[in-house]
Amino acid sequence: MRRRLLGGILALILLAAGAIAPAEGGSPEVNAPLTAEELAETEARVLALAEQAVPLNDPPAEAVEDGYAWQYDFGVVYLDGPEKTAESRVSALQIMDAEVPGPRGIAVDWTVNQVMNAIPCGNPGMYGTFERAVLYLEGSPEDGFSYGEVQRDGQRISAMEYGVWNPETERKNALILGISGDGVTSVRLEGMNEPFPREEAREFFGELESLTGVYSYDRVPRSGNGAELAMFSEEDLDFRSLSYRTAEPVIFGDNVEDMMIDNEDGTWIRRIDGEGFEAVFRTNSAGGEAQLVSFTILSPDLEGPRCVRLGDLFHEDFTRFRSGEGALSEDGTTEVLYGTVGTAPYGVAEYGDGTEMTLRYVTPTLGGPDVELLLKYRDTVLTEIILHDLEEDE
């Protein structure tokens with residue numbers, strides 16, 4: 001049972017990182033933006049499929065935002081009326097079936113990495129803001145333009161959008177990919193029959209253009225081939241929330257609970273509890289000469305090393321760190337990811353029965369103790385993030 005469960009987990013890890021080959025029809029060698037012709041071809045193909053199929057709701061219920069939703073086994077076709085006629089206009093298409101590909105073979109269950117291979121861009125690192133990043137922007141509002149962008153909540157991408165604006169028709173045709181857990185959950189085409197006036201196009205272009213020079217946030221590299229990834233290192237101890245190596249109590253401000261704890265052996269601990277975190281310092285009896293020895297993240301709004309965050313899925317975090325160099329235990333519950341346990345640097349995955357799992361990454365530090373990043377998961381969801389000196393446990 002454990003081996004079957006572990007096999008499923010590892011398969012998910014590989015799939016989520018794009019290590020499995022793209023679906024048939026994918027064209028990762030095409031080094032160009034998505035075109036209006038490709039979008040039109042997909043629209044025609046999906047509509048032909050709908051013509052050959054029997055709707056699951058005939059007639060559809062009341063109109064929704066996109067029109068009247070005609071539902072099929074493969075997805076949804078949105079029309080401007082409750083009846084299909086020669087004059088019916090399509091406002092949007094949504095594909096929910098992994099067996100029905102979109103442009104360049106992109107399909108449900110593809111990964112973000114696979115999509116990025118199929119539609120290359122000038123910003124593979126996804127530099128931008130915490131909420132958005134422009135993948136490419138070519139052309140102008142006067143002559144027409146094509147674009148690609150991602151919408152996200154930090155590392156959690158919610159949508160990837162690729163579109164073309166035509167100044168002659170004043171239409172913005174777009175491919176919108178719904179993303180969850182780094183995988184495509186829906187393939188949607190929209191805008192084919194909706195006006196997008198020139199003034200709106202200028203405003204939209206300007207909005208994207210303003211993001212192209214923003215570098216405040218980027219995507220952490222990930223891969224299903226763990227050998228391509230770096231080991232957890234001392235550099236990872238400096239992350240967006242704080243620098244573990246140089247943090248001092250004063251950086252947490254006054255709106256915290258600050259307490260001194262006498263270890264009764266001549267040493268003292270200073271614990272600071274704030275909004276979403278707990279920091280523990282080794283200190284003297286006056287609270288000075290503080291050295292951070294443990295930092296626990298308690299809020300999903302804070303990111304840890306390599307942007308790990310409470311609520312992440314196991315496979316999302318696994319594919320951000322090196323792996324694949326060690327052995328799996330005979331009972332399938334523990335895997336050495338790299339290095340030798342007990343001698344930093346090393347990484348270990350503890351799978352248990354699959355309901356409670358742990359990732360442990362240990363790095364040496366220059367002139368200091370080894371530091372461990374401890375990630376605990378319940379039902380594949382990250383529930384604990386602890387960064388601490390290992391000597392505290394010896």
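Guide: Lys172 is buried, its relative accessible area being 12%; buried means under 20% relative accessible area, exposed over 50% and partly exposed in between, with a 1.4 Å probe and protein chains only. This is a predicted model, in which local features need pLDDT of at least 70, side-chain atom pairs count only at pLDDT 80 or more, and totals for chains, interfaces and linings use all residues. Residues are numbered from 1 along each chain as its sequence is written, and side-chain values use heavy atoms, with hydrogens and water left out.

Visitor: With which side chains does the side chain of Lys172 make a polar contact?

Guide: A polar contact is a pair of N or O atoms within 3.5 Å; within protein, one must be able to donate a hydrogen and the other to accept it, and residues adjacent in sequence count only if both atoms are side-chain atoms. Here the partners are the side chains of Tyr147, at 3.3 Å, and Glu161, at 3.5 Å.

Visitor: Which residues of H2 are buried?

Guide: An α-helix has 3.6 residues a turn, so residues three or four places apart point the same way. In H2, the buried residues are Leu39, Thr42, Glu43, Val46 and Ala50. They cover an arc of only 100 degrees around the axis, which puts them on the same side of H2; the arc is that of the directions from the helix axis to the C-beta atoms. Glu37, Glu51 and Gln52, on the other side of H2, are exposed.

Definitions and conventions
Helix = DSSP H or I, 4+ residues; strand = E, 2+ residues; numbered from the N terminus.
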